[in-house]
Amino acid sequence: MDTSGVKTLALKYQDYVIQMRREFHKHPEISGEEYHTRDILIREIRDMQIPYRLLKGTGIIAFIEGKKPGMHRMIRADIDGLQVQEEKENLNKKKVCVSDIEGVCHACGHDAHMAVLLGTMKVLKELEDDIEGTVYCCFEEGEETNCGIETMLEALDE
């Protein structure tokens, strides 16, 4: 695959990734209860017209099928937050984006993981004619408590 246009496409979707990170950050959910998060992911994946599979629980696997034969690949993002109260200010000013959910936040960076994976999917969708094999885009529930990994592994093994 010619990767010369990847940086241009990444910059094209930079604002989208920031917007999605903030949306996820404002609405964190704890392990195994990522129902709103899953609805957002489904909305975005559908908008990209990428096929996907809902897993038992709240996990999702989306499939970007390249137009050329080749090795399959997987990209993964965690989707759960932590039971931690987020401070509304950093060391010297009010934060741009904080959790709207009392006692739960994305202190672990999973909001960014999801946003970056969605941005990556947009780039790959535009490059699908050049992709070899299938790219599996996995959104894993419950990484903080390990409640989603077995379901994800079983689905990938099918």
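This is a predicted model: local features need pLDDT of at least 70, side-chain atom pairs count only at pLDDT 80 or more; totals for chains, interfaces and linings use all residues.

## Helices α2 and α4

The crossing of helix α2 with helix α4 is right-handed. The two axes, that of α2 (residues 14-26) and that of α4, come within 8 Å and cross at roughly 145°. On the α2 side the contact is made by Tyr16, Val17, Met20, Arg21, Phe24 and His25, and on the α4 side by Asp111, Ala112, Met114, Ala115, Val116, Leu118, Gly119 and Lys122. Divided by class, the residues of this contact comprise 9 nonpolar, 2 polar and 3 charged.

## Helices α3 and α4

Helix α4 (residues 110-126) also meets helix α3 (residues 35-47), and here the axes come within 11 Å and cross at roughly 15°. Since angles under 35 degrees count as roughly parallel, α3 and α4 are therefore roughly parallel to each other. The crossing of α3 and α4 is right-handed.

In this contact, Thr37, Leu41, Glu44 and Ile45 of α3 meet Met114, Leu118 and Met121 of α4. The residues involved divide into 5 nonpolar, 1 polar and 1 charged. Met114 and Leu118 of α4 are named in the contact with α3, and Met114 and Leu118 are likewise listed in the contact with α2.

## The sheet

Four strands form an open sheet of mixed pairing, with the order β1-β2-β4-β3. Strands β1 (52-54) and β3 stand at the edges, each with a single partner strand, so that one side of each is left without a neighbour in the sheet. From one strand to the next, the twist averages 15°.

Strand β2 (residues 60-65) pairs with β4 in the antiparallel sense over 6 bridges, and phenylalanine 63 stands opposite tyrosine 136 in β4. Strand β3 (residues 73-78), by contrast, runs parallel to β4 and is joined to it by 6 bridges, with valine 135 of β4 as the bridge partner of arginine 73. Strand β4 (residues 134-140) is mostly covered, as 6 of its 7 residues are buried.

## Loop residues with positive phi

Glutamine 49, found in the loop between α3 and β1, has a phi near 60°, a positive value in a residue other than glycine. With a relative accessibility of 65%, glutamine 49 counts as exposed, because the cut-off for that class is over 50%.

Asparagine 146, which lies in the loop between β4 and α5, has a positive phi of about 60° although it is not a glycine. Its relative accessible area is 56%, and asparagine 146 is therefore exposed.

Conventions. Residues are numbered from 1 along each chain as its sequence is written. Side-chain values use heavy atoms; hydrogens and water are left out. Axes are lines fitted to C-alpha atoms, for helices over the stretch in contact, and angles run from 0 to 180 degrees between N-to-C directions. Helices (H or I, at least four residues) and strands (E, at least two) are DSSP runs, numbered from the N terminus. Angles under 35 degrees count as roughly parallel, over 145 as roughly antiparallel, 65 to 115 as roughly perpendicular and the rest as oblique. A crossing is left-handed if the near helix is turned anticlockwise from the far one by less than a right angle, and right-handed if clockwise. Contact means heavy atoms within 4.5 Å. Ala, Val, Leu, Ile, Met, Phe, Trp, Tyr, Cys and Pro count as nonpolar, Asp, Glu, Lys and Arg as charged, and the others, Gly among them, as polar. Buried means under 20% relative accessible area, exposed over 50%, partly exposed in between (1.4 Å probe, protein chains only). Two strands pair if DSSP finds at least two bridges between them.
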